[in-house]
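Hi,

Here is the model I said I would pass on.

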Amino acid sequence: MIQSLTGMQDIVGDEAKKYNYVVNSAKEVLENYDFDFLKMPMLEKTELFIRSVGGSSDIVNKEMYRFIDKGENDVCLRPEGTAGVARYFVQNKLDRQPQKFKFYYHGSMFRYERPQKGRYREFNQFGCESFGEESVYEDYAIIEMASAILDKLDISYKLELNSLGCKECRPKYIESLKEFLRDKKDKLCEDCNRRLEQNPLRVLDCKVQSCQAEYEDAPKITDNLCESCDTDFRKLKELLDNNSINYEVNKKLVRGLDYYNKTIFEFISDKIGAQGTVIGGGRYDGLISYLDGKETPAVGFGMGVERAMLLTSLPSTQNCGYHLGAMDEEALSSIISLTKSVRVSHKATLEYKPKKLKALLKGADKANAKYCVVIGENELKEGKVWLKDLVTKDESTPTIDEFLNSIK
Ligand code: ATP
Ligand code: MG
């Protein structure tokens, strides 16, 4: 028997309903904020991710599904969505246009990680990116949108916020961080020693307790911001305060991807264990120029759909739609035609074999239908249907035309 690959899952039944519920809820929010849907390829040139996500990141170093295709191209399955959106943006010269562009996307991402609850090798992200807006109001709007999605799904969260500074203030800060770390090398884990060389900011995010203890007194980026970053960070906090979006500044928050600057944030739940980050995002004004585009301000987020699914429940389903059946062979063809008409505008289930009334009603119950529609010998003769509302228990026998008009 052939089994699915480790860390890859089929989503079916109520879980599939939940998947649609999460994605559709997020879509509704994004459409209200005037974002356009962008459907992208799942396979891209490996170089795209090396240049955007960053050669020193775990994703590129350890987690990519990378191979050489039959045309000798070095390609990989996308590990995240932002790089693809940015590639599309530059490829279509949108960086040369004055207007702002806002996209959302969703679908499978692939990372060769150790599977566990909330962490899979194929998982789904719902994400969005806003290009061309440098105002911190957009950072706020993106956070507001993310919180609106979680509110809609009735998911409680803690919002953690930080600023990573910009190319003015970050290099200076990194120098002082390096200075601070210089004589601590021996006490740090292997990963942190590597990070120290390649991307010192990331040490702050280390999950190893003893490393964290060392970083308690490390200089913090938010205490070293330039004036413009500091003003924006204050403004952002003020906007969140004014609109009752609760947050905590986490001075050690950095994100796994290299391309962020200024605002970064995570929406975290404490109900799903270690894999608690449901939404992560921030600003990445440098990304478009890493991909040879004209420098363009950009801000966005990515939501882990499976993690949101772990935290939400499906709204209770009410009886809906029609269950149709015939009581004898002769009425079958009429009920099949009638079902076709009903299905133009309603959900309908159909019994393929003639059955007794009791059995048809039982079928309607099982299908969770609101109405049961039956054609028996008498109804067939008179051009009528027998109709029962399974919630109110009302029964009637309208003509077929009357029935079809009533459900339009
Ligand atoms: P984590 O710290 O949990 O590894 P990350 O920083 O790697 O997350 P991002 O690259 O920012 O995550 O991806 C955005 C979101 O996608 C995450 O917040 C999470 O909800 C989800 N996600 C990331 N990796 C996985 C995975 N392997 N399986 C399921 N969901 C994931
Ligand atoms: Mg990760």
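A word on conventions: residues are numbered from 1 along each chain as its sequence is written, and chains are lettered from A and ligands numbered from 1 in the order in which they are written. This is a predicted model, where local features need pLDDT of at least 70, side-chain atom pairs count only at pLDDT 80 or more, and totals for chains, interfaces and linings use all residues, while side-chain values use heavy atoms, with hydrogens and water left out.

**The ligand**

Ligand 1 is surrounded by 13 residues (a heavy atom within 4 Å of the ligand). The closest are Arg111, Glu113, Tyr120, Arg255 and Thr277. By class, the shell has three nonpolar, five polar and five charged residues (Ala, Val, Leu, Ile, Met, Phe, Trp, Tyr, Cys and Pro are nonpolar, Asp, Glu, Lys and Arg charged, and the others, Gly among them, polar).

- Arg255: a polar side-chain atom lies 2.4 Å from a ligand oxygen.
- Thr277: here a backbone N or O atom is 2.8 Å from a ligand oxygen.
- Arg307: a side-chain N or O atom sits 2.9 Å from a ligand oxygen.

On its own the ligand has 590 Å² of accessible area, and the protein covers 88% of that (Shrake-Rupley, 1.4 Å probe). β6 (122–131), β10 (277–283) and β11 (298–304) each give two or more residues to the shell (elements are DSSP runs, helices H or I of at least four residues and strands E of at least two, numbered from the N terminus).

**The eight-stranded sheet**

Those strands belong to an open, mixed sheet ordered β1-β5-β6-β11-β10-β9-β7-β8 (pairing takes at least two DSSP bridges). β1 (36–37) and β8 (248–249) are the edge strands, pairing on one side only. β7 (158–163) runs parallel to β8 over two bridges, with Glu160 opposite Glu248. Helix α5 (136–152) packs on this sheet, with β6, β10 and β11 among the strands it touches (contact is heavy atoms within 4.5 Å). The direction of α5 makes about 15 degrees with that of β11 (axes fitted to C-alpha atoms, for helices over the stretch in contact, with N-to-C angles from 0 to 180 degrees).

**The three-stranded sheet**

The other open sheet is antiparallel, in the order β2-β4-β3. β2 (43–45) and β3 (66–68) each have a single partner, so one side of each lacks a neighbour in the sheet. β2 pairs with β4 (74–77) over three bridges, and Glu44 stands opposite Cys76.

Cheers

Key: Polar contact = N/O pair within 3.5 Å; in protein donor to acceptor, adjacent residues only side chain to side chain.
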